[in-house]
Amino acid sequence: MADTMRRRRDTPPPRTGSSEAEILRGFLDYLRASVAAKVDGAPEPQARTTAVPSGTNLLGLLNHLTFVERSLFLGDDVTDWQATFQAAPADSVADVVARYHETVERANDVLDECTDLGAPLPRPRPDRPAPSVRWALTHMIEETGRHAGHADILRELIDGTTGR
């Protein structure tokens, strides 16, 4: 762990939204930005080095969230969820962060077309069941928030950086 603590500017959660969809998307985007900021600029190789017995590492968390976004909102198949917690050895921190941002942008493009929170998410293969937009947004908020908390701790252990 670094000897000095570095504090990031702390951004509060969104406080506006005139509809349920705006509130859910606002909180999801807030958490997405928070977790990406935790990984962005993290030093190598510490970003992929585990600091806990489970093997969790900062880069792997963002890699995993990329796969969850792709599975949930884009309909991609994931056959080995545990494997998503490790970034490829050739991937840099910048690569993983960029891939996450690209995936979020594609997921938001899908969500922009969803006007009914109770309707199922569109799927590239209509024969596969899909959760409702509301369920998917709520689950993604939970998943991203959970891993953002893990990322907070891991980043502080790496170089003392704290804050959202």
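Because the model is predicted, local features need pLDDT of at least 70 and side-chain atom pairs count only at pLDDT 80 or more, while totals for chains, interfaces and linings use all residues. Residues are numbered from 1 along each chain as its sequence is written, and side-chain values use heavy atoms, with hydrogens and water left out.

The protein chain has four helices and two strands, in the order β-α-α-α-α-β from the N terminus. Helices (H or I, at least four residues) and strands (E, at least two) are DSSP runs, numbered from the N terminus.

The radius of gyration, taken over C-alpha atoms, is 16 Å; a compact globule of 164 residues would have a value near 15 Å, so the two agree. The globule rule is 2.2 Å times the number of residues to the power 0.38. Along the principal axes, the C-alpha atoms fill a box of roughly 50 × 35 × 25 Å. Of the 164 residues, 40% are buried; buried means under 20% relative accessible area, exposed over 50%, and partly exposed in between (1.4 Å probe, protein chains only). With a contact defined as heavy atoms within 4.5 Å, residues 24 or more positions apart account for 73% of the contacts with a separation of 6 or more.

Two loop residues come next. R15 is in the loop between strand 1 (6-7) and helix 1, and is exposed at a relative accessible area of 71%. P45 lies in the loop between helix 1 (20-39) and helix 2 (58-74). The peptide bond joining E44 and P45 is cis, with omega about -5°. Most peptide bonds are trans.

The structure holds nine salt bridges, each a side-chain nitrogen of Lys or Arg within 4 Å of a carboxyl oxygen of Asp or Glu. One of them pairs R25 with D112, the closest N and O atoms being 3.0 Å apart. R25 lies in helix 1 and D112 in helix 3 (residues 93-112), so this pair ties together parts that are 87 residues apart in sequence. D112 is partly exposed, at 47% relative accessibility.

Another salt bridge, between D29 and R32, has its closest N and O atoms 2.8 Å apart. These two residues are three apart in helix 1 and therefore separated by about one helical turn. D29 is partly exposed at 31%, whereas R32 is buried at 3%. D29 and R32 are linked with E69 in a network of salt bridges.
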